[in-house]
Amino acid sequence: MENIYSNIFSFNKKNLLKSIDKLKKGHVLGLPTETVYGLAGNAYLKKAVRKIFTLKKRPSYNPLIIHYANSKFAKNDVILNDNFYKLYNKFCPGPITFVLKKNKKSKIVSLATANLNTVAIRFPSHRIIKTLLKQIKFPLAMPSANLSSGLSPVNAKDVFDEFKKSLKIIIDGGKSKIGIESTVVDLTENPKILRHGIITEKNIKSVLKTNFSKKKGKIRSPGMLKKHYSPGIPVIIGRKPVNSKHAHIVFGKKYKNIKNIFNLSKKADLKEAAANLYKTMRKIKKKGYKKIFVAKIPNRDLGIAINDRLTRASK
Ligand code: TXA
Ligand code: MG
């Protein structure tokens with residue numbers, strides 16, 4: 001029988017070299033990171049960046065995150081400031097993305113940053129992507145490997161489900177440990193959180209000890225404007241389902257183990273809940289449920305990021 005997953009590869013020397021070769025030539029690959037899987041392309045090549053937008057059906061006003069092995073390399077493309085170095089020394093490599101001013105000498109294709117004069121940069125910690133980034137001379141533009149507005153993938157098969165054979169290579173790096181996207185913090189002026197994640201505002205404040213921007217109104221992260229993180233069926237927050245055709249996502253130990261109940265964390269652990277969030281919503285959709293009801297999840301620490309994703313999914 002034909003292996004339907006014939007474009008999913010394990011990570012070894014041979015497949016690493018093959019991946020590097022494909023990226024150099026402008027191909028787009030599915031690669032693992034510690035947060036979610038990404039759709040990676042050479043950020044210095046127009047052909048690769050265009051392909052990312054086309055594959056994802058992503059609107060061209062929504063810029064991509066550019067991934068680097070380290071800050072020395074990123075310096076060519078962005079202007080690194082004091083707040084950046086403080087957070088970089090504390091959290092990188094890791095699940096945090098910094099929005100900074102673009103360096104005039106930057107070679108990043110302007111479509112990748114939606115023609116903005118800022119760039120979002122990240123230094124992922126997953127062993128595979130870290131190894132790969134160290135061996136290439138260009139950064140990777142890498143959005144989450146899902147069709148625009150859908151759920152981010154947290155394993156290689158999720159990526160396959162999104163793009164089937166239109167990717168030549170998907171590298172299997174196991175399950176993404178964190179399970180939700182990186183925290184995005186704008187450091188171009190007073191710091192501002194643009195997307196919540198496992199590194200919380202509290203964590204960032206404890207390092208920077210400076211005022212955060214209170215500016216309201218203008219949304220600085222174009223990708224956060226609309227409905228997002230949608231499983232493809234309605235999501236209703238704070239109510240219980242009335243029948244078993246509807247799935248119930250819950251959190252904590254007070255729930256029974258019945259068919260339509262999906263517990264993000266029986267021990268009420270927010271990290272475990274984040275890691276299970278997208279996986280659970282994909283599973284529910286695949287099982288044919290028509291709606292998802294979600295019980296209350298505490299709105300503190302990592303719960304803020306989880307609730308942010310759920311609220312957008314319910315729009
Ligand atoms: O964890 C992650 O960050 C994953 C993995 C693959 O690294 N990537 C990811 O990328 O989540 P994406 O494209 O799905 O989300 C990028 C977010 C979007 O909300 C986008 O609008 C915002 O970052 N962004 C990118 N460049 C920006 C910029 N210059 N200014 C403000 N927001 C920006
Ligand atoms: Mg995304």
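Buried means under 20% relative accessible area, exposed over 50%, and partly exposed in between (1.4 Å probe, protein chains only). This is a predicted model, where local features need pLDDT of at least 70, side-chain atom pairs count only at pLDDT 80 or more, and totals for chains, interfaces and linings use all residues. Residues are numbered from 1 along each chain as its sequence is written, and side-chain values use heavy atoms, without hydrogens and water.

- Strand S9 covers residues 183-186; strands are DSSP runs (E, at least two residues) and helices are runs of H or I (at least four), numbered from the N terminus.
- Thr183 and Val185 point one way from S9, Val184 and Asp186 point the other way, and all are buried.
- S9 pairs with strand S5 (residues 96-101) in the parallel sense over four bridges; pairing takes at least two DSSP bridges between two strands.
- Val185 is the bridge partner of Phe98.
- With strand S10 (residues 192-195), S9 pairs in the antiparallel sense over three bridges.
- Lys192 in S10 is the bridge partner of Asp186.
- Five residues separate S9 and S10 in their hairpin.

- Lys279 sits in helix H8 (residues 270-286).
- Lys279 counts as partly exposed because its relative accessible area is 35%.
- Leu264 lies in the loop between strand S13 (261-263) and H8.
- Leu264 has 0% relative accessibility, so it counts as buried.
- Leu264 and Phe251 are 13 residues apart in sequence, yet their C-alpha atoms are 5.4 Å apart in space.

Methods. Chains are lettered from A and ligands numbered from 1 in the order in which they are written.
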